[in-house]
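Subject: Handing over the structure

Hi,

Here is the structure I promised to pass on to you. Have a look at it first, and then read on for what I found in it.

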Amino acid sequence: MSVRVLPSNTHLIEVRLRPEHADAEGAAALTLLRAQGLTSLIEARVARLYEIKGPISANQVLQATKDLLCDAVTQEHRAITPSPAPMNGANFWRVEVWLKPTVSDPVGETVRDAIADMALPRPETVRCALVYRLVGRANKAALEKAVARSLANPLIHRAVVSEAHP
(Lines give C-alpha, C1' and ligand atoms only; values in the text may rest on other atoms or scores of the structure.)
Protein backbone atom coordinates (compact mmCIF):
# COMPACT_ATOMS: atom_id res chain seq x y z
CA MET A 1 0.00 0.00 0.00
CA SER A 2 1.40 3.41 -0.90
CA VAL A 3 1.07 6.55 1.13
CA ARG A 4 0.73 9.88 -0.64
CA VAL A 5 3.22 12.42 0.67
CA LEU A 6 2.31 16.06 0.11
CA PRO A 7 4.85 18.87 -0.13
CA SER A 8 4.49 21.50 2.60
CA ASN A 9 2.95 24.01 0.17
CA THR A 10 0.22 21.62 -1.05
CA HIS A 11 -3.29 21.38 0.38
CA LEU A 12 -5.99 18.83 -0.46
CA ILE A 13 -9.57 19.88 0.23
CA GLU A 14 -12.56 17.58 -0.22
CA VAL A 15 -16.04 19.09 -0.61
CA ARG A 16 -19.02 16.75 -0.53
CA LEU A 17 -22.75 16.73 0.03
CA ARG A 18 -23.89 16.31 3.58
CA PRO A 19 -25.04 12.71 4.22
CA GLU A 20 -28.70 13.71 4.63
CA HIS A 21 -28.84 14.96 1.01
CA ALA A 22 -29.50 12.61 -1.91
CA ASP A 23 -26.53 12.30 -4.24
CA ALA A 24 -27.76 12.11 -7.85
CA GLU A 25 -24.20 11.99 -9.22
CA GLY A 26 -23.43 9.11 -6.87
CA ALA A 27 -26.56 7.24 -7.97
CA ALA A 28 -25.55 7.67 -11.63
CA ALA A 29 -22.01 6.43 -10.90
CA LEU A 30 -23.41 3.42 -9.05
CA THR A 31 -25.59 2.55 -12.06
CA LEU A 32 -22.60 2.78 -14.40
CA LEU A 33 -20.41 0.59 -12.17
CA ARG A 34 -23.14 -2.02 -11.72
CA ALA A 35 -23.53 -2.15 -15.50
CA GLN A 36 -19.83 -3.11 -15.59
CA GLY A 37 -20.56 -6.15 -13.42
CA LEU A 38 -19.93 -4.72 -9.94
CA THR A 39 -23.38 -5.68 -8.68
CA SER A 40 -22.29 -6.01 -5.04
CA LEU A 41 -21.72 -2.25 -4.72
CA ILE A 42 -24.56 -0.76 -2.67
CA GLU A 43 -23.76 2.95 -2.46
CA ALA A 44 -21.74 5.64 -4.22
CA ARG A 45 -21.22 9.24 -3.12
CA VAL A 46 -19.39 11.86 -5.18
CA ALA A 47 -17.20 14.69 -3.89
CA ARG A 48 -14.93 17.32 -5.38
CA LEU A 49 -11.24 17.31 -4.50
CA TYR A 50 -9.09 20.42 -4.86
CA GLU A 51 -5.29 20.26 -4.82
CA ILE A 52 -4.03 23.77 -4.06
CA LYS A 53 -0.27 24.39 -4.42
CA GLY A 54 1.61 27.53 -3.65
CA PRO A 55 2.33 30.20 -1.06
CA ILE A 56 -1.01 29.98 0.73
CA SER A 57 -1.42 28.94 4.35
CA ALA A 58 -3.79 26.30 5.70
CA ASN A 59 -5.92 29.05 7.29
CA GLN A 60 -6.13 30.92 3.99
CA VAL A 61 -7.15 27.70 2.20
CA LEU A 62 -9.82 27.17 4.85
CA GLN A 63 -11.13 30.70 4.26
CA ALA A 64 -11.22 30.13 0.48
CA THR A 65 -12.98 26.80 1.01
CA LYS A 66 -15.69 28.31 3.21
CA ASP A 67 -16.23 31.39 1.06
CA LEU A 68 -15.73 29.95 -2.43
CA LEU A 69 -15.73 26.17 -2.73
CA CYS A 70 -18.37 24.96 -0.28
CA ASP A 71 -22.10 25.65 0.09
CA ALA A 72 -22.50 25.62 3.87
CA VAL A 73 -26.16 24.59 3.65
CA THR A 74 -25.79 21.41 1.59
CA GLN A 75 -22.09 20.60 1.69
CA GLU A 76 -19.30 19.86 4.12
CA HIS A 77 -15.56 20.06 3.64
CA ARG A 78 -12.41 18.64 5.13
CA ALA A 79 -8.71 18.86 4.63
CA ILE A 80 -7.25 15.56 3.49
CA THR A 81 -4.15 14.42 5.31
CA PRO A 82 -2.32 11.57 3.63
CA SER A 83 -2.42 8.38 5.65
CA PRO A 84 -2.47 4.73 4.81
CA ALA A 85 -6.00 3.35 4.56
CA PRO A 86 -6.61 0.33 6.74
CA MET A 87 -7.42 -2.91 5.03
CA ASN A 88 -11.20 -3.08 5.24
CA GLY A 89 -12.10 -6.37 3.64
CA ALA A 90 -12.78 -4.64 0.31
CA ASN A 91 -16.04 -3.10 1.55
CA PHE A 92 -15.16 0.60 1.27
CA TRP A 93 -13.41 2.17 -1.70
CA ARG A 94 -12.15 5.60 -2.71
CA VAL A 95 -11.70 6.40 -6.39
CA GLU A 96 -10.05 9.69 -7.37
CA VAL A 97 -10.37 10.71 -11.02
CA TRP A 98 -7.87 13.45 -11.93
CA LEU A 99 -7.17 15.12 -15.23
CA LYS A 100 -3.67 14.16 -16.36
CA PRO A 101 -1.05 16.89 -15.79
CA THR A 102 -0.79 17.50 -19.54
CA VAL A 103 -4.53 18.25 -19.79
CA SER A 104 -5.67 21.78 -18.95
CA ASP A 105 -7.96 22.13 -15.93
CA PRO A 106 -10.25 25.14 -16.55
CA VAL A 107 -12.08 24.68 -13.23
CA GLY A 108 -8.75 24.69 -11.39
CA GLU A 109 -7.65 27.82 -13.24
CA THR A 110 -10.91 29.57 -12.36
CA VAL A 111 -10.57 28.61 -8.68
CA ARG A 112 -6.96 29.85 -8.67
CA ASP A 113 -8.03 33.22 -10.07
CA ALA A 114 -11.01 33.46 -7.68
CA ILE A 115 -8.75 32.84 -4.67
CA ALA A 116 -6.53 35.71 -5.83
CA ASP A 117 -9.63 37.90 -6.27
CA MET A 118 -10.37 37.29 -2.57
CA ALA A 119 -7.12 39.14 -1.76
CA LEU A 120 -5.47 35.86 -0.76
CA PRO A 121 -2.12 34.75 -2.15
CA ARG A 122 -2.52 33.39 -5.70
CA PRO A 123 -1.81 29.65 -5.71
CA GLU A 124 0.73 28.42 -8.24
CA THR A 125 -1.72 25.74 -9.36
CA VAL A 126 -5.14 24.38 -8.49
CA ARG A 127 -6.17 20.98 -9.83
CA CYS A 128 -9.62 19.47 -9.40
CA ALA A 129 -10.75 15.87 -9.24
CA LEU A 130 -13.87 13.85 -8.64
CA VAL A 131 -13.87 11.45 -5.71
CA TYR A 132 -16.18 8.45 -5.66
CA ARG A 133 -16.71 6.88 -2.22
CA LEU A 134 -18.07 3.40 -2.80
CA VAL A 135 -19.61 0.91 -0.39
CA GLY A 136 -19.80 -2.77 -1.20
CA ARG A 137 -17.56 -5.73 -1.86
CA ALA A 138 -15.33 -5.43 -4.90
CA ASN A 139 -12.08 -6.73 -6.27
CA LYS A 140 -9.58 -3.91 -6.81
CA ALA A 141 -8.58 -5.04 -10.31
CA ALA A 142 -12.23 -5.36 -11.38
CA LEU A 143 -13.01 -1.95 -9.89
CA GLU A 144 -10.08 -0.34 -11.71
CA LYS A 145 -11.26 -1.86 -15.00
CA ALA A 146 -14.86 -0.72 -14.42
CA VAL A 147 -13.72 2.81 -13.53
CA ALA A 148 -11.64 3.02 -16.73
CA ARG A 149 -14.70 1.98 -18.74
CA SER A 150 -17.35 4.12 -17.06
CA LEU A 151 -16.11 6.94 -14.80
CA ALA A 152 -12.84 7.98 -16.41
CA ASN A 153 -11.42 8.40 -19.89
CA PRO A 154 -7.92 6.85 -19.78
CA LEU A 155 -6.74 9.26 -22.49
CA ILE A 156 -7.22 12.31 -20.30
CA HIS A 157 -7.78 10.97 -16.75
CA ARG A 158 -5.68 9.29 -14.11
CA ALA A 159 -7.79 7.18 -11.77
CA VAL A 160 -6.53 6.15 -8.33
CA VAL A 161 -8.41 3.31 -6.62
CA SER A 162 -7.74 2.60 -2.94
CA GLU A 163 -9.39 1.07 0.07
CA ALA A 164 -10.99 3.69 2.29
CA HIS A 165 -12.09 4.32 5.83
CA PRO A 166 -15.73 3.39 6.45
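The buried residues of helix 1 are Gly26, Ala29, Leu30 and Leu33, where buried means under 20% relative accessible area, exposed means over 50%, and partly exposed is in between (1.4 Å probe, protein chains only). Because these residues cover an arc of only 105 degrees around the axis, they sit on the same side of helix 1; the arc is that of the directions from the helix axis to the C-beta atoms. On the face of helix 1 turned away from the buried side you will find the exposed residues Ala24, Thr31 and Ala35. The cover over the buried residues of helix 1 includes strand 2, strand 5 and helix 4 (140-150), with contact meaning heavy atoms within 4.5 Å. Helices (H or I, at least four residues) and strands (E, at least two) are DSSP runs, numbered from the N terminus.

Before going further, a word on what you are looking at. This is a predicted model, in which local features need pLDDT of at least 70 and side-chain atom pairs count only at pLDDT 80 or more, while totals for chains, interfaces and linings use all residues. Residues are numbered from 1 along each chain as its sequence is written, and side-chain values use heavy atoms, with hydrogens and water left out.

Back to helix 1. It has 12 residues and reaches 17 Å from its first C-alpha to its last, close to the 16 Å expected at 1.5 Å a residue; the expected span is 1.5 Å times one less than the number of residues. Just after helix 1, glycine 37 takes a positive phi of about 100 degrees.

At the other end of this helix, please look at aspartate 23. Aspartate 23 is placed in the loop between strand 1 (10-17) and helix 1 (24-35), and it counts as buried because its relative accessibility is 9%. Aspartate 23 caps the N-terminal end of helix 1, with a side-chain oxygen 3.2 Å from the backbone nitrogen of glutamate 25. A polar atom of the aspartate 23 side chain also lies 2.7 Å from the backbone nitrogen of valine 46. A polar contact here is a pair of N or O atoms within 3.5 Å; within protein, one must be able to donate a hydrogen and the other to accept it, and residues adjacent in sequence count only if both atoms are side-chain atoms. Leaving aside residues up to four places away in sequence, aspartate 23 touches Leu17, Ala44, Arg45 and Val46.

Six strands form an open sheet in the order 3-1-2-5-4-6, and the pairing is antiparallel. Two strands pair if DSSP finds at least two bridges between them. Strand 3 (75-79) and strand 6 (157-163) stand at the edges with a single partner strand each, so one side of each has no neighbour in the sheet. From one strand to the next, the twist averages 25 degrees.

Here is how some of the pairs line up:

- Strand 1 and strand 3 are antiparallel over five bridges, and glutamate 14 has arginine 78 in strand 3 as its bridge partner.
- Strand 1 and strand 2 are antiparallel over seven bridges, with threonine 10 opposite lysine 53 in strand 2.
- Strand 4 (residues 92-99) and strand 5 (residues 125-136) are antiparallel over seven bridges; valine 97 stands opposite leucine 130, and arginine 94 opposite arginine 133.
- Strand 4 and strand 6 run antiparallel and are joined by seven bridges, with tryptophan 93 opposite glutamate 163 in strand 6.

Strand 4 is largely enclosed by the rest of the structure, because seven of its eight residues are buried. Strand 1 is largely enclosed as well, because six of its eight residues are buried.

Two helices lie across strand 2 and strand 5. Helix 1 runs at about 115 degrees to strand 2 (41-53), and helix 3 (residues 106-117) runs at about 120 degrees to strand 5. Axes are lines fitted to C-alpha atoms, for helices over the stretch in contact, and angles run from 0 to 180 degrees between N-to-C directions.

Which residues does isoleucine 115 touch? Isoleucine 115 is found in helix 3 and touches Ile52, Ile56, Ala64, Leu68, Leu120, Pro121 and Pro123, not counting residues up to four places away in sequence. Isoleucine 115 counts as buried because its relative accessibility is 0%.

Enjoy exploring!

Best wishes
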